[in-house]
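Colleague: I have the model open and would like to go through a few spots with you. Could you take me through them slowly?

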Amino acid sequence: MAALVNILRRAAETVAVICFTAMFAGFILQVVTRYVLNSPLDWTQEISVVLYLFGVFWTAAFLLRERDHVAFTVLYDIAPMRARRVMAAIGAVAIGVAFAADLPAAWDYVSYMGRQTTPVMRLRFDLVFGIFLVFMVAVVWRSVLTLRHLLGPHWREHVGDRVDPQAEEFE
Amino acid sequence: MSTAFYLALFLLFGLSALGVPVAFSTYVGAIAYLFATHQDPGLIVEQGLNGLFDSYLLLAVPLFVMAANFMNAGTVSDRLLTFCLALVGRFRGGLGHVNVIANIIFAGMSGSAVADAAGIGRVIIEMMRRENRYPAGYAAALTAAASVIGPIIPPSIPMVLYALISDTSIGYLFLGGILPGLLIGAVLMAMNAWIAIKRNFPRDAAVPLAEMPRITFRAFPALMLPVILLFGIYGGATTPTEAASVAAGYAFILSAVVYRGMSFKEFVHLMLDAARSTSVVGLIIASALVLNYLVASENIPALMSKKILAIETSPLVFLLAVNALFLLLGCLFDATTLILIVIPLFLPAARALHLDMVHFGIVMTVNIMIGLVTPPYGVLLFVINGITGIPLKDIIREVWPFIAVLMVALLAMILWPDMVLFLPRRFGYLG
């Protein structure tokens, strides 16, 4: 199980890296064709935007850890373990319920956008925006997992002192 | 304002206080609002995603992150520091001056204070600590304060976010940041000089003039990057986003090909890091766009302007009050949150008072960047503590004089808008 999770995470990381590298390459191509070759391609800008959108929500769905997010943790950090358990549980319930409740309407909007296409490459908008639905499902799923963890016997692991994110990042 | 809107604000701030990531608190508040007002909950997708899709400028954010990452990966920082050392090392407290000058130059290629502190900041702290020449807390505090210059001198990620949220020209904002950034550098150097004399900090051996051409030549490719960026944008050649991609491409070639300081593995690691930070910011932006829809549908701009005009406050008093408030908020909140979630609540009032949006944007950026070094929640203090292990309490003890001069500089910008607006006007800004 752990091995499988590891493989999936690697795969998700590879997708994100390819996505942002391709976006970067798209821009370089745009600058080169416009300013060096003087014959700009019309699709570079659009593909960069599409890749950006996809990359943001793909990464948010599969790669962002709790501690990567911008959060106001001053109160959480000084709270005792039991209080943290309650705080984290309220958060997980609120996020899970809200995103689950919104999912049908979000689905409707995205499918409705299937009638429109992007201006240059004629990509259907439901495919472009669909990644947001994936993100929403991942958010709901993660809230459920978090809640289960918090209600289970090992809840202390979840609310224990976090490692300083920056310290780990720059080692 | 409707009850539903108060419910949204309550959820936003209440959940945030519990430690829920700001983007999610904002989404939960917005979703509750849409259900309570019987609007289509699908609007959270419509507002957020269409907004992102139309904001081509936003793509500059990952590109600036990449540029700074590539620069930090290669030996660019070392070359720049050698150059700065030759320039100002000979004065008392020389390495402190090197610190500030290097940050000013680096600010011309990076748009993020955190990237500066983690990149060039880390290298210079090591230099200052060699043979224990400067106290650890002092080296760390000065580095934190000098990193503030990064997003004030263009390019600047916070200004890109402000431009997006306020519909202000990013070109004029970037120009408006140049003089304030130099002013901040000057006051920090003045404070460093004063403390250096008082505490008898060392000088570094003067570099012979004959060495200068070689040192400059070694640093030259890196020094060219700010020039390329500014020419690209103000020569009218490229859009800011394209300029950002040129900067990232140039930094990539410098680090990977010319200086050979970056391996493929490192490249993948840096791209993953860029993906993460881009995603974190992108998510907050998407949620902020939904929040903006709420603010607009509640007709808050009109309400605000009516209220503000009724109080008959002067623009200056308003600006001072907002700044005092944001300095307090900056002690607790992260910069992205303040710019994307809190500033939009004040924009209608600022507009009603006919404040100049470029001036307001620069002043708020500087203000919020000062918040990055104010305890207890100062991201730059945490970053430097994280990468160097210098205890937070030592950094905090030494950072106060620098916070004081930063605030003086901020006050000067508030009182003399011309300092901010001089350059934009020279380039055709009609404000």
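Colleague: Which residues does B:S255 touch, not counting those up to four places away in sequence?

Modeller: B:S255 touches B:F70, B:M71, B:G74, B:V76, B:R260, B:G261 and B:M262, where a contact means heavy atoms within 4.5 Å. This is a predicted model, in which local features need pLDDT of at least 70 and side-chain atom pairs count only at 80 or more, while totals for chains, interfaces and linings use all residues. Residues are numbered from 1 along each chain as its sequence is written, chains are lettered from A and ligands numbered from 1 in the order written, and side-chain values use heavy atoms, leaving out hydrogens and water.

Colleague: Is B:S255 buried or exposed?

Modeller: B:S255 counts as buried because its relative accessibility is 0%; buried means under 20% relative accessible area, exposed over 50% and partly exposed in between, with a 1.4 Å probe and protein chains only.

Colleague: And what does its side chain reach?

Modeller: The side chain of B:S255 reaches the backbone oxygen of B:F70 at 2.6 Å.

Colleague: New topic: how many residues of α2(B) are buried?

Modeller: In α2(B), 12 of the 15 residues are buried, among them B:F24 and B:Y27. Helices here are DSSP runs (H or I, at least four residues), numbered from the N terminus.

Colleague: What do those buried residues pack against?

Modeller: They pack against α4 (81-112) and α5 (125-151) of chain A, together with α1 (3-17), α3 (43-54), α13 (264-297) and α16 (335-352) of chain B.

Colleague: What comes just after α2(B)?

Modeller: Just after α2(B), B:H38 takes a positive phi of about 55 degrees.

How values were computed:
Helix = DSSP H or I, 4+ residues; strand = E, 2+ residues; numbered from the N terminus. Polar contact = N/O pair within 3.5 Å; in protein donor to acceptor, adjacent residues only side chain to side chain.
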